[in-house]
Amino acid sequence: MNSETQLDNRLRLCAEFVRPGARAADIGTDHAYLPVWLCRHNICPSVIAADVNPEPLSRGRITVAQAGMEDKISLRLSDGLAQIAEDEVDDIIIAGMGGELIADIITACPYAADKHFILQPMTKSEALISRLCANGYIIDRQDCCVAGKKCYTVLSVFYGGTVRQHDELYRYTGELHPRENETHLRFLRGHIERLRKQAKGEARFAALADRLEEFCGNG
Ligand SMILES: C[S@@+](CC[C@H](N)C(=O)[O-])C[C@H]1O[C@@H](n2cnc3c(N)ncnc32)[C@H](O)[C@@H]1O
């Protein structure tokens, strides 16, 4: 198995957000492609590949063994960060889960305020951003990519110490720049489409969709 070719644009964008030299944890690692890639490219000296379920963890164990990286990557059964000690990691990647589950994992972690998070929600990025903001976290960088015809977003997040009030629109836009970046625009168009569908049940979503269109330069 070649984890370099297995790393699609989505996981590659996550990897780009990891700080060189950081000890990382990949929460919900499943196949452990990302940990292998991070160590193989000397981005991380060590990675904890964690998963709450034994079956994906054993898939990860096979990837790590085939890559001969057992000395750098440790596999761990862990619900979120429960089995990972504060002094073991600097950067924490949580990719491929729903936005609400990602927010639950961060808010359950007692030392989250001291860490750098790289987050890739599969759904409900607006719920994730809303909960991050409400808990004092800031998005210092956000980008999007296309993988397998789908558009994804990745967020780099730190604890900012104070709760900043954001407009409701920010839950959708985050730190994206749709007027300058086609992929950001594509990601936000997905939000607009979903808001238009939601608007059939609740009128306030129509106004939000209109505002988002305007933010994207289509108003
Ligand atoms: C769809 S896979 C994503 C795999 C990989 N991170 C990616 O983005 O390609 C989601 C993984 O998260 C794991 N998971 C779900 N809830 C979790 C939790 N609370 N703590 C750790 N892992 C969890 C699942 O067992 C599954 O292996």
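Author: Lys149 counts as exposed because 5 C-beta neighbours lie inside 10 Å, where exposed stands for 12 or fewer other C-beta atoms within 10 Å of a residue's own, buried for 20 or more and partly exposed for what is in between, with C-beta atoms placed from the backbone. The model is predicted, so local features need pLDDT of at least 70 and side-chain atom pairs count only at pLDDT 80 or more, while totals for chains, interfaces and linings use all residues. Residues are numbered from 1 along each chain as its sequence is written.

Lys149 is not a glycine, yet its phi is positive, at about 75°, and its place is the loop between β6 and β7; strands here are DSSP runs of E with at least two residues, helices are runs of H or I with at least four, and both are numbered from the N terminus. Ala32, which is not a glycine either, has a positive phi of about 60° and sits in the loop between β1 (24-27) and α3. Ala32, however, counts as buried because it has 27 C-beta neighbours inside 10 Å.

The strands β6 (137-147) and β7 (150-159), together with α3 (33-40), β4 and β5 (116-123), are among what covers the buried residues of α2, a cover defined by contact, that is, C-beta atoms placed from the backbone lying within 7 Å. In α2 (residues 9-17) those buried residues are Arg10, Leu11, Leu13, Cys14, Ala15 and Phe17.

One of these covering elements, β4 (91-98), also supplies at least two residues of the shell around the ligand, as do β2 (47-51) and α5 (99-107), and the largest share, 3 residues, comes from β4. Of the 17 residues around the ligand, Gly28, Asp30, Pro56, Ala95 and Gly96 come nearest, a residue being near if its C-beta atom, placed from the backbone, lies within 6 Å of the molecule. By class the shell has 9 nonpolar, 5 polar and 3 charged residues, where Ala, Val, Leu, Ile, Met, Phe, Trp, Tyr, Cys and Pro count as nonpolar, Asp, Glu, Lys and Arg as charged, and the others, Gly among them, as polar.

Methods: Two residues are in contact if their C-beta atoms, placed from the backbone, lie within 7 Å.
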